[in-house]
Amino acid sequence: MTSHVLTRWEPENESFWKEQGARIANRNLWISIPALMLSFSVWMLWSVVVVNLDKAGFQLSKNQMFWLASLPALSGATLRIFYSFLIPIFGGRRWTAISTASLLIPALGMGFALRDPSTGFPTLLVLALLCGLGGGNFSSSMSNISFFFPKARKGYATGMNAGIGNLGVSLTQFVVPMVITGALLGGVTGDAHTYVKDGVEKSIWLQNAGFVWVPFILLTAIAAWFGMNDIADAKASFADQAVIFKRKHNWLMCWLYIGTFGSFIGFSAGLAMLTKSQFPDINPTTYAFLGPLVGALTRPIGGWISDKFGGARVTFYVFIAMVLAVIGVLQFLPHNNAGGNFFGFLIMFIVLFALTGVGNGSTFRMIPVIFLTERQRAAGRSEAAQKQALLDANKEAAAVLGFSGAIGAYGGFFIPKSFGTSLEMTGSVDAALYCFIAFYLSCIVITWLWYSRKNAPMPC
């Protein structure tokens, strides 16, 4: 093997795994995790920035702000479709370094644009779309890490990568409110904007929301380039991977992942604006980071539990609990001029986030098992046929992990837009929440019918 290309990679071989595989796989995982965390941080920047634009002198309508909060998810989900297939083409090390470095474009762009409140709305829209580069990275990252670990450890590996990576959402919602209240590097990033609150003049450095990530992006991209590996056996063309579009379970798992990850990223993008619209006396940035934090922390737990009890069983009960949690949210919203209960609302959303985290881990545990089982069933009994089935299953599962992550990410666009549309058409968000309940019910049926019931066609 060369310094970075692994010409032999057999994670299912116990002696190989113990002697060298585990060490190499874990090194790649622990470089991948901060790269993915930064990707989520950049992807979700606008969820915090939009609620502070007026303080920096930007004059935008509520609908324009919902667009800015929603568009990164739209572009990120679309980019994920393409990113899903890039690891076997370019190699994990090379693409992780390049895609991480690409985050400099929206980070620097936002830094410079947010210094000037006369920056036009079209420019802000372009920057919101560019933040989708962070969202795209998830699919390539998950695809890459899935190649390194054996079947028995895939739930742990994907759960750790995605779970700690998801912490980037809450990291943004925790860090940005702090860094915009003071100058960075002695004011090198630009002058403050002033605004008046309760008769007191205050200052805000909104541009720091972009600039603060630049040094960390640079360091992580360098670490990926010099510290990660490419796997020679993982090479495949787009045509090789496109076979997943003929696989029924690819589309079923995409549907389920919309319910889990789509809910996580959608609620992350929309909760601050939803709070501001329903409870105007509450500062949404004070609490917005809590839900994504809990969701990120429970994702590895979902992978770990699924390794022990089966991903389908965990996913089935997660969707049942999500239905009940949304019903709980409805009980605490303002209705008929009554003020509602903010802390009840917040607690139910934190429960929802926790469930999405567990469901993210359990659905991603299901995918490798489904495709390995399917390929092994189709292969002959010979050792050579089973070995080829394992290689094919890993490539298909990696592509499905990425592609389902792409489709699921559209929830980050539709959920905040559903809130905005429901408010505009009915004056409340109830209609959007009832639609979410109907969708989760469909996920319960799919999970039970195909995966979790006794004698299911594909138990996993």
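This is a predicted model: local features need pLDDT of at least 70, side-chain atom pairs count only at pLDDT 80 or more; totals for chains, interfaces and linings use all residues.

Colleague: Helix H3 to begin with. What span should its 22 residues have, and what do the ends say?

Modeller: H3 covers residues 62-83. At 1.5 Å a residue it should span 32 Å, and its end C-alpha atoms are 32 Å apart, so the two agree.

Colleague: Where does H3 kink?

Modeller: At Ser70, by about 35°.

Colleague: Now the packing. Which residues have the most contacts inside the largest nonpolar core?

Modeller: Phe267, Phe345, Phe349, Phe419, Leu433 and Tyr451. That core has 75 residues.

Colleague: Which helix gives the most to this core?

Modeller: Helix H16, residues 342-378, with 15 residues.

Colleague: Take Phe345, then. What does Phe345 touch?

Modeller: Leaving out residues up to four places away in sequence, Phe345 touches Leu271, Leu274, Thr275, Phe279, Val329, Phe332 and Leu333.

Colleague: Switching to cysteines. How many disulfides does the structure hold?

Modeller: The count is 0. Cys443 is in no disulfide, and the nearest cysteine sulfur, that of Cys254, is 12 Å away. A disulfide would need the sulfur atoms within 2.5 Å.

Colleague: Is Cys443 buried or exposed?

Modeller: Buried, because its relative accessibility is 0% and the cut-off for buried is under 20%. Cys131 is buried too, with a relative accessible area of 0%.

Colleague: On to Asn144. Where is Asn144 placed, and is that residue buried or exposed?

Modeller: Asn144 sits in helix H8, residues 132-148. At 3% relative accessibility, Asn144 counts as buried.

Colleague: What does Asn144 touch?

Modeller: Ile87, Gly92, Thr96 and Met228, again not counting residues up to four places away in sequence.

Colleague: Last one, Ala393. Which helix is that in?

Modeller: Helix H17, residues 383-409. Ala393 has 1% relative accessibility, so that residue counts as buried.

Colleague: What are the contacts that Ala393 touches?

Modeller: Phe371, Leu372 and Arg375, with residues up to four places away in sequence not counted.

Colleague: How far is Ala393 from Gly135?

Modeller: Their C-alpha atoms are separated by 25 Å. Along the chain, Ala393 and Gly135 are 258 residues apart.

How values were computed: Residues are numbered from 1 along each chain as its sequence is written. Side-chain values use heavy atoms; hydrogens and water are left out. Helices (H or I, at least four residues) and strands (E, at least two) are DSSP runs, numbered from the N terminus. The expected span of a helix is 1.5 Å times one less than its number of residues. The bend at a residue is the angle between axes fitted to the seven residues ending there and the seven starting there. Buried means under 20% relative accessible area, exposed over 50%, partly exposed in between (1.4 Å probe, protein chains only). Contact means heavy atoms within 4.5 Å. A nonpolar core is a set of buried Ala, Val, Leu, Ile, Met, Phe, Trp, Tyr and Cys residues joined through side-chain atoms within 4.5 Å.
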